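I opened the model to take notes on its fold and a few residues. My entries follow the structure.

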Amino acid sequence: MQSSASHSANIVQLQGGKGRLWYNPQLASSQPERCFDIDYWRDQGAIIGSAQGRGTTWFIQLDQVAVALRHYIRGGLFGRLVKDSYLFTGWQNTRAYREYSLLASLAEKGLPVPRPVAAKAERSGLMYRADLVVEKVPDARDLVAVLEKSSLDHEVYVQIGRLVRQLHDVGVCHTDLNIHNILLGADDKLWLIDFDKCGVKKGESWKQDNLSRLKRSFIKEQGRFSIHWQEEDWQSLLSGYRT
């Protein structure tokens with residue numbers, strides 16, 4: 001791949017005949033292509049864990065930072081037919097680039113999101129496949145895992161509300177805002193993750209829809225896992241959002 005001009009201080013683009021790679025030179029290794037080579041990191045003994053979702057997310061210790069590597073995989077019924085290919089309509093429309101650039105923008109604004117490390121898209125005819133590498137949030141658990149063990153203080157819910165309000169104030173709609181995608185770190189810092197298919201939206205009505213989706217996730221996980229949550233906690237969250 002050949003290097004081209006950077007889009008910002010945190011996005012440098014490499015391009016080849018059938019692919020594009022974007023990376024942060026402050027976080028990626030001297031060979032950013034290696035970020036996506038799981039066999040290489042396995043040989044190096046650098047894999048520090050994994051997690052299962054639609055696919056496997058690999059946690060890898062790079063020279064500069066620990067990262068999470070994720071391959072984009074479809075969900076739903078269509079995903080059974082076309083597992084990981086998407087219609088190509090331009091490099092900057094690929095899911096990898098869009099999520100990378102959104103995360104870079106939010107991180108620059110000071111929002112608590114994982115810093116993007118590298119993204120890759122490879123085209124094959126009318127379709128493309130993609131991967132994303134982001135900084136691993138240290139010692140963090142999602143709210144479902146936390147609430148399975150114990151309840152959260154009023155102030156934590158206030159902070160969750162303020163976090164969602166921060167996101168809305170910069171006009172970003174998290175299309176999958178649920179308590180699996182809100183993390184609590186060892187230092188009680190809150191993080192938002194998984195910004196695939198998210199982006200900037202105009203208007204106001206979507207914000208209430210976003211909040212309603214979040215509340216539904218609390219109710220859903222209370223039914224599935226008997227998490228320590230009650231309606232009063234939601235009111236605490238709303239008080240943080242409104243202030």
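**Overall fold.** I counted 7 helices and 14 strands in the protein chain. Helices here are DSSP runs of H or I with at least four residues, strands are E runs of at least two, and both are numbered from the N terminus. The model is predicted: local features need pLDDT of at least 70, side-chain atom pairs count only at pLDDT 80 or more, and totals for chains, interfaces and linings use all residues. Residues are numbered from 1 along each chain as its sequence is written, and side-chain values use heavy atoms, with hydrogens and water left out.

The C-alpha trace spans about 55 × 40 × 40 Å along its principal axes.

I checked burial too. Of the 243 residues, 48% count as buried. Buried means under 20% relative accessible area, exposed over 50%, and partly exposed in between (1.4 Å probe, protein chains only).

**Helix pair.** I then turned to α5 (residues 154-169) and α6 (residues 205-225). They pack at an angle of about 145 degrees, with axes 11 Å apart. Axes are lines fitted to C-alpha atoms, for helices over the stretch in contact; angles run from 0 to 180 degrees between N-to-C directions. From α5, the contact uses Tyr-157, Val-164 and His-168; from α6, the residues include Trp-206, Leu-211 and Phe-218. Contact means heavy atoms within 4.5 Å.

**Leu-163.** This residue also sits in helix α5. Is Leu-163 buried or exposed? I found Leu-163 buried, at 4% relative accessibility. Leaving out residues up to four places away in sequence, Leu-163 touches Pro-112, Leu-190, Trp-191 and Leu-192.

**Positive phi.** Most residues other than glycine have a negative phi. I noted Asp-188, where phi is positive at about 65 degrees. Asp-188 is in the loop between β12 (182-184) and β13 (190-192). Its relative accessible area is 58%, so Asp-188 is exposed.

Asp-194 has a positive phi as well, near 65 degrees. Asp-194 lies in the loop between β13 and β14 (199-200). With a relative accessible area of 30%, Asp-194 is partly exposed.
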